[in-house]
Amino acid sequence: MTESGDSTGLAEYIRTFQAEGYRVDEVVQSKCATCDGRVFEVLLDDLNGVAQRTCVRCGTAAYIADGADHLDEAELVICECPCGEAEFEVGVGFSLHADREVRWISVGLRCVADGAVGVYADWKINYGPSAHLLDEC
Ligand SMILES: [Zn+2]
Ligand SMILES: [Zn+2]
């Protein structure tokens with residue numbers, strides 16, 4: 001299991017949500033590569049499958065999974081919780097084929113202000129190899 005440190009219920013929410021009905025096999029919590037931070041502002045384009053997270057502590061920005069590959073068409077919109085805040089813990093759910101290649105990705109966010117959770121985007125992965133995407137959250 002790769003959800004060490006997740007005590008917030010976000011991973012469980014993503015599993016239960018099952019974007020598009022695909023079983024979620026792994027949930028990986030996003031972690032800033034620079035400062036180990038867990039709270040991010042998130043920009044999303046749900047249509048094109050692009051998610052960018054920016055660490056609120058150190059400002060390091062990174063794309064989730066293969067988001068950087070689809071930037072051409074993307075129109076990124078900042079994610080806001082219904083409460084109006086825009087700082088989240090990020091969990092990335094992976095639906096896997098039997099050979100561990102990735103079938104579907106869903107991005108779940110947990111608002112650090114009020115704890116509200118939601119799946120804000122999900123998209124299909126239709127190429128391989130794709131197992132490396134689990135390391136790019
Ligand atoms: Zn950081
Ligand atoms: Zn909120």
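Strand β3 and strand β4 (residues 61–63) run antiparallel and are joined by three bridges; strands here are DSSP runs of E of at least two residues, helices are runs of H or I of at least four, and both are numbered from the N terminus. Strands count as paired if DSSP finds at least two bridges between them. This is a predicted model, in which local features need pLDDT of at least 70 and side-chain atom pairs count only at pLDDT 80 or more, while totals for chains, interfaces and linings use all residues. Residues are numbered from 1 along each chain as its sequence is written, and chains are lettered from A and ligands numbered from 1 in the order in which they are written.

Back to β3 and its partners. T54 has A61 in β4 as its bridge partner, and the hairpin of β3 and β4 has five residues between the strands, with G59 in the turn at a positive phi of about 85 degrees. Strand β2 (residues 40–45) also pairs with β3, antiparallel over six bridges, and V42 sits opposite R53 in β3. Four residues separate the strands of that hairpin, where G49 takes a positive phi near 70 degrees. Five of the six residues of β3 (residues 50–55) are buried, so this strand is largely enclosed by the rest of the structure; buried means 20 or more other C-beta atoms within 10 Å of a residue's own, exposed 12 or fewer, partly exposed in between, with C-beta atoms placed from the backbone.

As for the whole protein chain, one helix and eight strands make it up, and buried residues account for 34% of its 137 residues.
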